[in-house]
Amino acid sequence: MSSSSTTTTTTRLLMLKASDGVTFEVEEAVATKLGAINNMVEEEGSEDLICLPNVNGKFLGMVLEWCKKHANNNTNSDKGNDEVNKWWDKEFVMDLDQNTLYHLLMAADYLSGTELVDLLTEKVASMIRGKKVEEIRETFKIKSDFLPGQEEEIRKKNSWAFE
Amino acid sequence: MKNKNSTITTWNDMPCDILVKIFVALDILDLVTGVSRVCSAWRAACFEPILWRKIDLSAVKTDLVEIPMRADDSFEDEPSNIVMLILKSIVKFSRGNVSSLIFPFHISLWNEDIVWTAERFRNLKRLVLPARNRLDIEALEDAIMDWKDLESLSIPCVYAPCVMMKAIGASCKNFTELKIMCPFDIDFAHAIVVQTPQLKVLSLRCTLVFKDALLFLLLNLQHLEVLNLTHCLMVSHNREAGCLVLYREIEEEIIKNASNLKTFLSCKKACPLCKIPTNGEDFLKWYDYDERNWRMEEIPSLAI
């Protein structure tokens, strides 16, 4: 209601351009949650278009969506924020397929979004825990690149009764 | 439009530093039996030292491990098998980078186990041994001689404190922390004072503590900073009656002598854990630590 309009402060907007030319207009306070963008703004100012040649629009959009949610939640000085963030993080990673997860993780790491990297690496770890080798390969669509003899040797050596 | 092959190969191409960020959240069993065998890039990432600094075998759910039986298995069919086999498979990945090793509560550690471990994990700074062990003092001595960097030892059962402390004193120049869970008597106190005068932290939590030993320690161990006496059962000799007296309250005399310590931990009156009966045979059961009690420790650096 009226209270929400009074909280809108005059924040500067940044223009971010992804590798495929897609541009995003984002509040500075949101984008600078990403260490890489924060550095660029500090070093070069925020007047120019910030080009991010290593992230495409789809994944940059997702990263910014996450930053926005966290920035919004954190402006409400409610004690339940941590809970809200946790709940929202859970929703955010719940249905990510391995392909999206891969690109998102690469994007978050490139942009130095430490908290988001932590969230995504934990998601990946949760998809690995307790699985057998074949199940992990299946989950992440990984082809074994071991030479046939090498694979056999590792398997044999790791059979819990080796050496 | 999507190139199927590119999606198939992506996770093989994940940069090593990101893989390591993922792998640090996994336990050693997942590393050894899972990710290290997926593909060559994942395997290479498993050699990163940061993954192996702390090996907590008490966190491994060993009941999930399938062990193919082999006739020429050099280990006997004992629970420690699984743990030692896991430890064996860690050697090649960790390459001397393990600085903290925690054994599980319930395993029987044999002489050959500890000697083997000491030879392969020479750079340990912290070691936590299981609740019970079947170690001959010679084996423990040999092992300690290999652990020159050892700073912290948690050892529930000590059968020959003098020999053990002597080995530590001779070998481990940076030794500063000791936790025991067995009776603390004058011989033990004497061995500590003589062999490891640099000791800073001592936990006697939940043990039987002889008053004369404690007083001797407090008067003579100059560098002691932290002492944990929580849930201890105190013992003193009643010379007139010619018997031992057991009691819970830490006397003024002890408290006065401990006043120079940075941290002195003891129980308040009416501590629920201390209410375990101390008469008759019941008090002996006090040493039968359960696992929860074994992990718990008021001194943060010794907690598991």
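How many salt bridges does the structure hold over all chains? The total is 13, where a salt bridge is a side-chain nitrogen of Lys or Arg within 4 Å of a carboxyl oxygen of Asp or Glu. The structure is a predicted model, in which local features need pLDDT of at least 70 and side-chain atom pairs count only at pLDDT 80 or more, while totals for chains, interfaces and linings use all residues. Residues are numbered from 1 along each chain as its sequence is written, chains are lettered from A in the order in which they are written, and side-chain values use heavy atoms, with hydrogens and water left out.

One salt bridge lies within chain A, between A:Lys86 and A:Glu83, with the closest N and O atoms 3.9 Å apart. The two residues are separated by about one helical turn, because they are three residues apart in helix H5 (residues 81-94) of chain A. Helices here are DSSP runs of H or I with at least four residues, strands are runs of E with at least two, and both are numbered from the N terminus.

The interface of chain A and chain B was examined next. Contact (heavy atoms within 4.5 Å) involves 35 residues of chain A and 39 residues of chain B. The buried area, defined as the accessible area (1.4 Å probe) that two parts lose on being put together, summed over both, is about 3500 Å² between these chains. Carbon and sulfur atoms give 64% of that area.

Across this interface the rule finds one salt bridge. A:Asp109 and B:Lys21 form a salt bridge, their closest N and O atoms being 2.8 Å apart. On the side of chain A that touches chain B, at least two residues each come from helices H6 (98-110), H7 (114-128), H8 (133-140) and H9 (148-157) of chain A. H6(A) gives the most, with seven residues. By class, this side of chain A has 17 nonpolar, seven polar and 11 charged residues; Ala, Val, Leu, Ile, Met, Phe, Trp, Tyr, Cys and Pro count as nonpolar, Asp, Glu, Lys and Arg as charged, and the others, Gly among them, as polar.

In chain B, eight strands form an open sheet with parallel pairing, in the order S1-S2-S3-S4-S5-S6-S8-S11. Two strands pair if DSSP finds at least two bridges between them. Strands S1 (54-56) and S11 (263-265) of chain B stand at the edges with a single partner strand each, so one side of each is left without a neighbour in the sheet. Within the sheet, S5 (residues 177-180) and S6 (residues 201-203) of chain B pair in the parallel sense over three bridges. B:Leu178 stands opposite B:Leu202 in S6(B).
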